[in-house]
Amino acid sequence: MIDQEMKQAVLDGFAKEFGDNEGVKCYFAPGRVNLIGEHTDYNGGHVFPCALTIGTYAAARKRDDRVMRFVSLNFDGSRRETSLDDLVPNDPKAGWTNYPKGVVWAFEKRGMKLETGFDMVIIGNIPNGSGLSSSASLEVLTGFALRDMYGFDVPNQELALIGQDAENNFNGCNCGIMDQFASAMGKKDNAIFLDTADLSFEYAPIHLDGMKIVVTNTNKKHKLTDSQYNARRSACEHALSQMQTVCDIKGLGDLSIEEFEAHKDVITDDDERVKARHAVYENQRTLDAVAALKAGDLEKFGQLMNASHVSLRDDYDVTGIELDTLAETAWKVDGVIGSRMTGGGFGGCTVSIVKDDAIENFKEQVGKAYKDKIGYDCTFYIVSIGDGPRVIE
C-alpha cells in the first residue's frame, strides 16, 4: 500500500513540475540498518546490514536534450537544473543533486555514457540525516533508474560499487561499500553477511518471533562528509600500514584478535592503536554474532550488539551523548535483547531488538530519559526488512 501511495505522490509531483507524466516510470531503492559490524567495511572486515521497507522513490523520464532536472518533494519541491556537460564533483551549488549527478558521472567513467538527459522527481520516507542511508538509497535508486531507462547492462552488485564511487570521488565522503551494497542487494526477511574484503556474501534469515527491530532516531542530524568519519578512516589506514610491516594482511579485518594483540605495539600512535583495536574486535564480534544468530542464540547476539556500542563509544569515539543515552537506557529496560548505535555515528540512530510485550515500556522509558537529558524528543520506528531496488508497477 505504501508503494502505491508513494508512487502516486511522485507521479503527481512530476506532472505538477513538468506538465504531465506520460511515459514516466517509478522506481524504489531501500534504506538500510546495520545490525552489527560498524566502521569495519572500509577496514576489510565483515558487516551485517539489512535493507528496509522504507527508502526513496522516484518518477523519471528521458529527455531529448542534455538537460537533467531534479525535484525533491521532501525539500518543498526543491528543483535543480543541470546538464550532462556540467558534472562537477562536490559542487556546492548542486546541493543534494550531487548524489544523482555523481552516479551519472560514475556511469560515464565506466563507459556507460548518456546521450540525453532526464527529469526525475524523488520522495523518500527515510528520515533525513538519520544515518539510515538516505544518500546510498538515492544513489542506488538513480543507478537502477538509469539502467532501466537507458538499457545499460549492469548488475545490482555493480550498482552498489557505482554508488560508492559516486560517494567517495564525487561527493568527498570516504565511506565503505556497506550502505550501497545493502540497498542494492537487499532481500526480504534476510540480513546480508558481507565480507567487504572481497564482496563475498550470504543471506542470513532473520527470525524474530515475538520481537521487533526498533530504530530510535536521536533527531540530531549527522553529515558524514563534514564529520570526523574521514579522519577515522585515515587513522585506520595509517595503523594498517604499520601493521603490514609485521603481518601479511590487506586490511585490519584480516587480523584475528590474537594477532592484533601480539603485534599492536608496532602502531606507534596511541589513538590509532585504539581505533585499530575497534576495527579488529568489531570484526570478530560480527562473526560471532552471525554464528549466534544461526544457532538461534538471540541473547548472545544482543550481548554482542551491546559490546559493539561500548567499543564504538570508548575506542572509536563516534557515539556522543545522544546515542549513548539511547543505548545505555535501553540496556536497563526489561525485554530489550540488545541495543547499539547504527550507521556512521555522530548523531543518527540506535537499533534495538525488543520483545513485543516490552515495546511500549521501551518507548516510554527511553523517550523520557532522552528528553530529560538531551532536552528534546527522540523518534521511534518499528522497521521491517525488505527487498532491494525495483520498478514500482
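## A tour of charged side chains

Start by selecting Arg 233 and Glu 237: these two form a salt bridge, with their closest N and O atoms 3.2 Å apart. (A salt bridge here is a side-chain nitrogen of Lys or Arg within 4 Å of a carboxyl oxygen of Asp or Glu.) You're looking at a predicted model, where local features need pLDDT of at least 70, side-chain atom pairs count only at pLDDT 80 or more, and totals for chains, interfaces and linings use all residues. Residues are numbered from 1 along each chain as its sequence is written, and side-chain values use heavy atoms, leaving out hydrogens and water.

Stay with that pair for a moment. Both residues sit in helix α6, 4 residues apart, which is about one turn of the helix. (Helices, H or I with at least four residues, and strands, E with at least two, are DSSP runs numbered from the N terminus.) Arg 233 is buried, at 17% relative accessible area, while Glu 237 is partly exposed at 42%. (Buried means under 20% relative accessible area, exposed means over 50%, and partly exposed is in between, using a 1.4 Å probe and protein chains only.)

Next, pick Asp 3 and Arg 390. Their side chains meet in a salt bridge, 2.9 Å from N to O. Asp 3 is in helix α1 (residues 2–18) and Arg 390 is in strand β13 (residues 390–391), so this pair ties together parts 387 residues apart in sequence.

Now select Glu 17 and Arg 79, another salt bridge, at 3.0 Å from N to O. Glu 17 belongs to helix α1 and Arg 79 to strand β5 (residues 78–83), 62 residues apart. Glu 17 is partly exposed at 23%, and Arg 79 is partly exposed at 37%.

Zoom in on Arg 285, in helix α8 (residues 270–294). Arg 285 is buried, with a relative accessible area of 11%. Leaving aside neighbours within four places in sequence, Arg 285 is in contact (heavy atoms within 4.5 Å) with residues including Ile 36, His 278 and Leu 304.

Last stop: the surface. Select Asp 248, Asp 254, Glu 258 and Glu 259, which gather in a patch of negative charge. (Patch residues have over 30% relative accessible area and no salt bridge; like charges are joined within 9 Å, and nonpolar side chains (Val, Leu, Ile, Met, Phe, Trp, Tyr) within 5 Å.) Asp 248 lies in the loop between α6 (229–243) and α7 (257–263), and counts as exposed at 82% relative accessibility.

Key:
Areas by Shrake-Rupley, 256 points an atom, 1.4 Å probe, with all protein chains shown as cover. Lys, Arg positive; Asp, Glu negative; His and termini not counted. Charge placed at Lys NZ, Arg CZ, Asp CG, Glu CD.
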